[in-house]
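Keep the viewer open while you read.

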Amino acid sequence: MSEREPAFVIVTGMSGAGRSTAAKALEDLGWFVIDNLPPGLLFAMAEEAGRVKLAADKVAAVVDVRSLAFTTDLSAAIEELDGRGVAVRVVFLEAGDEELVRRFESVRRPHPLQGDGRLVDGIARERGILRDVRANADLVIDTSNLNVHELRGKIVAFFGGEDRPGLRVNVVSFGFKYGLPVDADLVVDCRFLPNPHWVPELRPMNGLDTPVREYVLGQPGAKELLDAYEEVVGIIAAGYSREGKSYATLAVGCTGGKHRSVAMAEQIAGRLRDKGGMDVQVSHRDVGRE
């Protein structure tokens, strides 16, 4: 092994949340990916990758929870990799219970941990086992509202470019009435701004339309929030970089995720791009949902 090996990506998470889709997307990007690898063999795989000189940042392993000692084995494997100079990045895929149930029922397969119990029992058991893994993951992707093409797009956005700036940021707008994005690292609440929903001519539009954008940005407090948040994100981004965190999701919310959050998310993303040093993507989770 060299003095400092290339980054090694571990893809894990809830069964049914899209691990196989993520693995295929990485393979399409030219990564060397091995599926269903026991955590205890992670270092052996990284060592072999270094021996055959696989491309930097192009090695990934998909691991799951079927080993009863999963969390202990995985933590030990990550510590060993880090101690041997391998930079490890953990990607965690998850989805809501209702969506996971729907996916398992659609393929008529049992959950790997349900045993003689119900499907929801297996999901609950797995979520409990994975709690610490999720908490320490570098990137969490909630696939509840993503189809396979959208999930693949996220993987490509995060891992497709080799010459991108250090921190990769996803700015996502959402509606509080539909729930917080579970993969959010930071949350901004725009509900203190007047709601364009109550302006008849603006109601059918969304935050991507110029009249709505101008209305939202013209309200007292809008510019002040953008200025303050830009400064805060700069401080946090620098800290993330020092700690080796490569990905961050910034969630911007209003009541329905249609007007204020969309306009403000676009502005935040634009400011972060202008600031430089970050690869910024923007998405609008709840536009068109009402």
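Which residue just after α1 takes a positive phi? That is Gly30, with a phi of about 95°. Before going on, a word on the ground rules: this is a predicted model, where local features need pLDDT of at least 70 and side-chain atom pairs count only at pLDDT 80 or more, while totals for chains, interfaces and linings use all residues. Residues are numbered from 1 along each chain as its sequence is written, and side-chain values use heavy atoms, with hydrogens and water left out.

**Overall build**

The protein chain has 10 helices and nine strands. Helices here are DSSP runs of H or I with at least four residues, strands are runs of E with at least two, and both are numbered from the N terminus. Of its 290 residues, 47% count as buried. Buried stands for under 20% relative accessible area, exposed for over 50%, and partly exposed for what lies in between, using a 1.4 Å probe and protein chains only. As for contacts (heavy atoms within 4.5 Å), take those with a separation of 6 or more: residues 24 or more positions apart account for 77% of them.

In helix α1 (residues 19-28), the buried residues are Arg19, Ala22, Ala23, Ala25 and Leu26. Looking down the axis of α1, these fall within an arc of 160°, so they line one face of the helix. The arc is taken over the directions from the helix axis to the C-beta atoms. Exposed Lys24 and Asp28 sit on the face of α1 turned away from its buried side.

Helix α5 (residues 119-129) has Leu119, Gly122, Ile123 and Glu126 buried. They cover an arc of only 100° around the axis, which puts them on the same side of α5.

**Cores**

A nonpolar core is a set of buried Ala, Val, Leu, Ile, Met, Phe, Trp, Tyr and Cys residues joined through side-chain atoms within 4.5 Å. The largest one has 49 residues, and Phe8, Leu42 and Phe159 have the most contacts inside it. Strand β4 (residues 86-94) supplies the largest share of this core, six residues. There is also a second, separate core of 28 residues, with Leu167, Leu186, Leu202 and Val216 among them.

Back to Phe159: not counting residues up to four places away in sequence, its contacts include Val9, Leu26, Trp31, Val91 and Tyr247.

Val169 is in strand β6 (residues 167-175) and counts as buried at 2% relative accessibility. Beyond four places in sequence, Val169 touches Ala248, Leu250, Leu272, Met278, Asp279, Val280 and Gln281. Asn145 is in the loop between β5 (139-142) and α7, and it counts as partly exposed at 48% relative accessibility. Leaving aside neighbours within four places, Asn145 is in contact with Glu150, Arg285 and Arg289. Here are two C-alpha pairs with these residues:

| Pair | Apart in sequence | C-alpha to C-alpha |
|---|---|---|
| Val169 and Gln281 | 112 residues | 6.2 Å |
| Asn145 and Glu99 | 46 residues | 8.6 Å |

**The pocket**

The largest pocket has a volume of about 710 Å³. For the method, a 1 Å grid is laid over the protein atoms alone, and a pocket is an open set of points where a 1.4 Å probe fits, with protein on both sides within 12 Å along at least five of seven lines; lining residues have an atom within 4 Å of a point. Points are joined across faces, edges and corners, and the volume is the space filled by probe spheres set on them. Of the 26 lining residues, Ser15, Gly16, Ala17, Gly18 and Ser20 are the closest to the pocket's centre. The elements giving two or more residues to the lining are α1, α4 (97-107) and α7 (148-159), and α4 gives the most, with five.

In the loop between α4 and α5 you'll find Arg108. Arg108 has a positive phi of about 55° although it is not a glycine, and it is exposed, with a relative accessible area of 79%.
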